[in-house]
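Hello,

Here is the structure we talked about going through together. Please open it next to this message and follow the residue names as you read.

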Amino acid sequence: MPLTPQARSLLDMAYRVGAPRFHDLGEAQARHSFHKLQFAFRPEPPPVASTLEVPMARPDGSALLGRLYRPLSSHAEDRLPLLIYLHGGGWCVGDVPSYDVLCRQLANASACAVLSVEYRLAPEHPFPAAVHDAAFAFHWAVEQADLLAIDADAIALGGDSAGGNLSIVTALALRGQAVQPGMLLLIYPSTEIISTRASRERYADGFFLDRGTLEWFFARYLPEGNTEDWRASPMRAASLAGLPPMLLVSAEFDPLVDDCAAFAERVRAEGGVVDYVEIPGVVHGFLTLGKVFPEAGEVIEMAARTLRRHLLPGVG
């Protein structure tokens, strides 16, 4: 189908004559631009039962920061399933505040707690810093399940774009360990850095996540190359067997859409369980822009149903 009217309007705004292109910005400007976009086009923040700023103490004395959301339907004594959410932004932009509304929506819709993670960003902290942070957040949540009032045997990993990449990579690293994610929630994840699939060219310019922006992200996240390292490109892993069941959502007009479809196909071929859904007429990044895209709410409900089915059997 063609672009939705809302997507066309957003693209017209993004590519208006004289507007600076994202990949022409410095890091501080790019982060400010991303922040402005999220706050301008996200829905109003819904109330939740509670939010808590969570410092996850590291052995070296530093802390990985996060924010814990408990759904409006919950009580303080409830031990809840948990979704660990890793935000998008090309490993270089994005933060917990700009994903606040999405995490509130996911918590309320799924009846799960959500831990949003402030993983370290490139270029100040290039690959594999974010990979280490994602793994640390999972292990910390398992160890601190009593403190968080969550069920350590019912933890999902999720994220969009770069965050989806980090979720896959973390799940791959956790295979064979005693506690593993119960499911993966992946929204247009980056599954490989270098790709020759048709959508990379078809949507290389004019569709929001353009070629220049991808190169801007990759150059900062991977200053030493590493494009074939499976921790940057999980499609390069020797095996994708043994991953948790996953919901993988892609956007039709996204340079990553063919990579997402190929990843889902390979997971299935290696025995995995994948619900793969391509949302027609929309572009990369639509999930957090609910004022523009009604499809965002539909995907949140889809994600919530899937989380409940895997983490709250009998309730979903």
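The predicted model holds 21 salt bridges, where a salt bridge is a side-chain nitrogen of Lys or Arg within 4 Å of a carboxyl oxygen of Asp or Glu. Residues are numbered from 1 along each chain as its sequence is written. Because this is a predicted model, local features need pLDDT of at least 70 and side-chain atom pairs count only at pLDDT 80 or more, while totals for chains, interfaces and linings use all residues; side-chain values use heavy atoms, with hydrogens and water left out.

One of the salt bridges joins Glu124 to Arg31, with 2.8 Å between the closest N and O atoms. Glu124 is in the loop between strand S4 (113-117) and helix H4 (129-143) and Arg31 is in helix H2 (residues 27-41), so this pair ties together parts 93 residues apart in sequence. Helices (H or I, at least four residues) and strands (E, at least two) are DSSP runs, numbered from the N terminus. Glu124 is partly exposed at 46% relative accessibility, and Arg31 is partly exposed too, at 24%. For these words, buried means under 20% relative accessible area, exposed over 50%, and partly exposed in between (1.4 Å probe, protein chains only).

Another salt bridge is between the side chains of Glu53 and Arg67, at 2.7 Å from N to O. Glu53 belongs to strand S1 (residues 50-57) and Arg67 to strand S2 (residues 63-70), and the two are 14 residues apart. Arg67 has a relative accessible area of 15%, so this residue counts as buried. Glu53 and Arg67 are also bridge partners between the strands. S1 and S2 pair in the antiparallel sense over eight bridges; two strands pair if DSSP finds at least two bridges between them. The two strands form a hairpin with five residues between them, and Gly61 in the turn has a positive phi of about 95°.

Asp259 and Arg200 form a salt bridge as well, their closest N and O atoms lying 3.0 Å apart. Asp259 is in helix H9 (residues 257-269) and Arg200 in helix H7 (residues 198-202), so the pair ties together parts that are 59 residues apart in sequence. Both of these residues, Asp259 and Arg200, are buried. They belong to a network of salt bridges that links Glu192, Arg197, Arg200, Glu228, Arg236 and Asp259.

Next, the rings. There are twelve aromatic pairs: rings of Phe, Tyr and Trp (its six-membered ring) pair if their centres lie within 6.5 Å, and planes under 30 degrees apart count as stacked, over 60 as edge-to-face and the rest as tilted. Trp91 and Tyr221 are a stacked pair, 4.3 Å centre to centre with 0° between the planes. Trp91 lies in the loop between strand S3 (80-86) and helix H3 (100-110), whereas Tyr221 lies in helix H8 (residues 211-221), 130 residues apart. Trp91 is buried at 2% relative accessibility, and Tyr221 is buried at 1%. The ring centres of Tyr203 and Phe207 are 5.0 Å apart with planes at 75°, so that pair is edge-to-face. Both Tyr203 and Phe207 are buried. Ring pairs also link Trp91, Phe127, Phe218 and Tyr221 into a cluster.

Last, charges over rings. The charged end of Arg42 sits over the ring of Phe39, 3.9 Å from its centre (the rule is NZ of Lys or CZ of Arg within 6 Å of the ring centre and within 35 degrees of the ring normal). Arg58 lies over the face of Phe136, at 5.6 Å from the ring centre.

Regards
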